[in-house]
Amino acid sequence: MEVIDDIYGDFMLFENSDKYLKLSPEKISVPGKVYYKKTTGSTNSDAKNTESVPDKSVFLADSQTAGRGRLGRNWESPEGCGIWMSIYLIPKMDIRNVAQVTLIAGMAVSNVISGTQIKWPNDVLFGEKKVAGILTELAFTKEKEPCVIVGIGINVNNEDFPDDLKDKATSLYIETGKKTEREMLINEILNQFFLLYELFEEKGFSVLKDKYEKRCVTLGKDVYIMNDGKKISAKAVGINEKGELLAEINGEIKAVNSCEVSVRGLLGYV
Ligand code: BTN
């Protein structure tokens, strides 16, 4: 494994300081390379803008100044307390199946962080509060090969959130009262992700669908489907082989694509 670390010399400055606890990228292991920056705009953008990245590499930062969330939202990425990382993949599969990769990432995070569930498609929740989110983007290498960037944001050791997020966001520390070593968690999540991803590449999403459904808190719930400013009442009844949500709308089952909609429970965030 090769570690690309542009500020590695700064490490001693932050040692033993809780507030600025710096990641140790040399502890992270992936089949490709580890790219690390103390601060960056967005690890997803770094992954898109870096040339000749090997398959199954990871981009990490201690903080992001322009972290991006789904549906054009910002993603708060304060220094030293979270996991802000992007997995870089050169998929062998048909690129149209890439939506399922984002579900797999949610599953990997939820499998590793016990007590969490998934709000379809890939918000990882403790109860009704979000602890992690995933932003998957498609890009092209210099050789015009498609690549997939799976951005994962996890609130790990955050002690607090800004007022506008307090009701919706939580962290592992807030939930468990314990600080977590981020490198250990990153490795566990990456291992879990690559395991599920290999199964998916070999056998398709159908072998993972049941496991995903078991973790998915949206199923069986009355939901709103928000699309193009319209709000439609529906019941979430299942997931299909493409990873789409099956929603019952006026007695008819429709497949809902994660790129197009946002689903909210009738009673709040879930
Ligand atoms: C969401 O739930 O809206 C998705 C949040 C994804 C945030 C992660 S943090 C690492 C990566 N870089 C980004 O700019 N976004 C993703």
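Why does Cys147 count as buried? Cys147 counts as buried because its relative accessibility is 2%, where buried means under 20% relative accessible area, exposed over 50%, and partly exposed in between (1.4 Å probe, protein chains only). The structure is a predicted model, in which local features need pLDDT of at least 70 and side-chain atom pairs count only at pLDDT 80 or more, whereas totals for chains, interfaces and linings use all residues. Residues are numbered from 1 along each chain as its sequence is written, and side-chain values use heavy atoms, with hydrogens and water left out.

The protein contains six helices and 13 strands; helices (H or I, at least four residues) and strands (E, at least two) are DSSP runs, numbered from the N terminus. Of its 270 residues, 52% count as buried. Contact means heavy atoms within 4.5 Å. Among the contacts with a separation of 6 or more, 61% are accounted for by residues 24 or more positions apart.

Cys147 illustrates such a setting. The residue lies in strand β8, which covers residues 146-155. With neighbours within four places in sequence left aside, Cys147 is in contact with Tyr88, Leu89, Ile90 and Pro91, and also with Glu137, Leu138, Ala139, Phe140 and Thr141. Val98 is 49 residues from Cys147 in sequence, and the C-alpha atoms of the two are 9.9 Å apart.

The next region is built around strands β2 (residues 33-40) and β3 (residues 57-64), which pair in the parallel sense over six bridges; two strands pair if DSSP finds at least two bridges between them. Within this pairing, Lys37 stands opposite Ala61 of β3. Together with helix α2 (residues 43-49), β2 and β3 make a right-handed β-α-β unit. A crossover is right-handed if, with the strands pointing away from the viewer, the path from the first strand over the helix to the second runs clockwise. Ser63 is also placed in β3, and Ser63 is buried because its relative accessible area is 8%. Apart from neighbours within four places in sequence, Ser63 is in contact with Lys38, Thr39 and Thr40, and with Ser77, Pro78, Glu79 and Trp84.

The ligand has 20 residues around it, of which Ser42, Gln64, Arg68, Arg70 and Lys130 come nearest; a residue is near a molecule or strand if one of its heavy atoms lies within 4 Å of it. Which atoms of the ligand lie 2.7 Å from Ser42 and from Arg68? For Ser42, an oxygen atom of the ligand lies 2.7 Å from a polar side-chain atom. For Arg68, a nitrogen atom of the ligand is 2.7 Å from a polar backbone atom. The side chain of Thr43 has an N or O atom 3.2 Å from a nitrogen atom of the ligand.

Helix α3 (residues 99-112) is largely enclosed by the rest of the structure, because 12 of its 14 residues are buried. The buried residues of α3 include Gln100, Thr102, Ile104, Met107 and Val112. Helix α5 (residues 182-203) has 22 residues and spans 31 Å from its first C-alpha to its last, close to the 32 Å expected at 1.5 Å a residue; the expected span is 1.5 Å times one less than the number of residues. After α5 comes Gly204, which has a positive phi near 90°.

Tyr224 stands opposite Ser233 in β10. These strands form a hairpin with two residues between them, and Asp228 in the turn has a positive phi of about 55°.

Most residues other than glycine have a negative phi, and most peptide bonds are trans. Ser52, which is not a glycine, has a positive phi near 55°. Ser52 is located in the loop between α2 and β3 and counts as exposed because its relative accessibility is 62%. Leu71 likewise has a positive phi of about 55° without being a glycine. Leu71 occupies the loop between β3 and β4 (82-89) and counts as partly exposed, at 45% relative accessibility. A cis peptide bond joins Trp120 and Pro121, with omega about 5°. Pro121 is found in the loop between β5 (117-119) and β6 (123-126).

Notes
A polar contact is a pair of N or O atoms within 3.5 Å; within protein, one must be able to donate a hydrogen and the other to accept it, and residues adjacent in sequence count only if both atoms are side-chain atoms.
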